[in-house]
Amino acid sequence: MSIHPIDVILHKRDGHELSDAEIRGFIAGVVDESITPARIASLLMAIFQRGLSPRELATLTDAMRRSGEVFDSAFLNKFTVDKHSTGGVGDKSSLLIAPIVAAAGLADPMISGRSLGHTGGTLDKLETIPNFNTQLSLKQFGEVIEKCGFSMIGQTKNLVPADRILYALRDHTGTVESPYLITASIMSKKLAEGLNGLVLDVKTGSGAFMKKYEDSEHLARLMVSTGEGNGTRTVALLTTMDEPLGRFSGNWIEVWECIDIMKGVHHPMYADLIQLSVTLSGWMLHLGGVSKTPEEGKTKSLALLHDGSAYKKWIEMTKLQGGDIKPFDDPAAFHKPKATRVLKAESDGYLASMDCTQVGWAVQRLGAGREKPGDPVSAHAGIEMHAKIGDRIIKGQPLVTLFTENAELLDTPEQMLRETIQIKQELPVKQPLIRQVIVADQQH
């Protein structure tokens, strides 16, 4: 029986549940371009208004996942697991997690994105490594994983083409915020990696896309049920994004931070990044059967980070993808911004708060991010934070160092940071880094 797109639009508009055949037929028409953009936009708005049942969402995600190439991980003969973050400022945890997971004996096929808006992108960070190739074919991707346990690449042209079409239209139709469409977009791309397990880092707070806790929790539950509905063990952690994670926010400087950590360099500003990374990888090790509990997985992850095992995997992967490892010898020396400026505290007190999204936009304005896809990004632009929320501050001490490759770009980001970073006399109430863990049909 043929599916007519108008019938599908009307069924969803009127609040009916779509059949699997309607969903799969519509997505097939999206990809072969037999369905017009206007009709696709109409269904997106109907979904935005009416939502999707768990079955509809699982079917939509699977139809999108299978709309193009899918990475078949069976030949690896290993439990295949990945993590996904909904995006934050200074969040470079992927660069630590993938080598840890590989060092533990699991496989991590990590397909990542670029920076957009106020959030950073893993690919932009990796591409600051000279000659590093993020544009591998799925065959080459598999060969790298087979040799060292993980690979980090960008989305190929033929991977989940339905998402590329829907994503572009969501931007033009006011449907970007739909948790159902966000879930289908994220999960279709992740499940196309051929995963046995997936750990989601769902951000909440001033630097997250979902700023309200209940919205983040709803999205996390949708993604967990969708992953499980498609046969992949899925766990979500709700984590706080009220300040940049770790010490640096930018591109090369975030790689530098991760190299430091993997080489055993200690810095007080690294603590939250390490805590988040080993908690997420601990769950990945637990899902993969390497550890009996997530806590045991966390302990094992920390050991793999500290004994140099993760760094050894990182070096292997970088070489296999053509990257030059010489800058890793002295990552601080490789950092060559054209201009810097230090923002100092104007009073004594406690670092009380900041709008982390505004901090992210300041990083972007320095040249480290992009306003629209395709914009170039600077390797050496960004910021170094010198304090965390709750830290005691003395007037005149450095709060933030700004880096840029164009001195004319310093003024606006400095003003943005000065406006948003609040120093107060009272010690602030700080949210825990890990707010909640959501697993199928229950919570921890």
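Guide: Let us start with contacts: two residues are in contact when they have heavy atoms within 4.5 Å. The model shown here is predicted. Among its contacts between residues at least 6 apart in sequence, 78% join residues at least 24 apart.

Visitor: How many helices and strands does the protein have?

Guide: There are 17 helices and 14 strands in the protein. The radius of gyration is 22 Å, close to the 22 Å given by the globule rule for 444 residues, so the protein is as compact as a globular protein of that length. Along the principal axes, the C-alpha atoms fill a box of roughly 70 × 45 × 40 Å.

Visitor: What percentage of the residues in the protein is buried?

Guide: A residue is called buried when its relative accessible area is under 20%. In this protein, buried residues account for 57% of the 444 residues. The accessible surface comes to about 18,000 Å², and 52% of that surface belongs to carbon and sulfur atoms.

Visitor: May we examine one residue? Is Ile9 buried or exposed?

Guide: Ile9 counts as buried because its relative accessibility is 10%, which is to be read against the cut-off of 20%. This residue is found in helix α1, which covers residues 5-13.

Visitor: Which residues does Ile9 touch, not counting those up to four places away in sequence?

Guide: Ile9 touches Phe26, Arg39, Ser42, Leu43 and Ala46. As for distance, Ile9 and Pro37 lie 28 residues apart in sequence, and their C-alpha atoms are 13 Å apart in space.

Terms used. Residues numbered from 1 in each chain as written. Predicted model: local features only at pLDDT ≥ 70, side-chain atom pairs only at ≥ 80, totals over all residues. Heavy atoms only, no water. Helix = DSSP H or I, 4+ residues; strand = E, 2+ residues; numbered from the N terminus. Rg over C-alpha atoms; globule rule 2.2 N^0.38 Å. Buried < 20%, exposed > 50% of the residue type's maximum accessible area, 1.4 Å probe, protein only. Areas by Shrake-Rupley, 256 points an atom, 1.4 Å probe, with all protein chains shown as cover.
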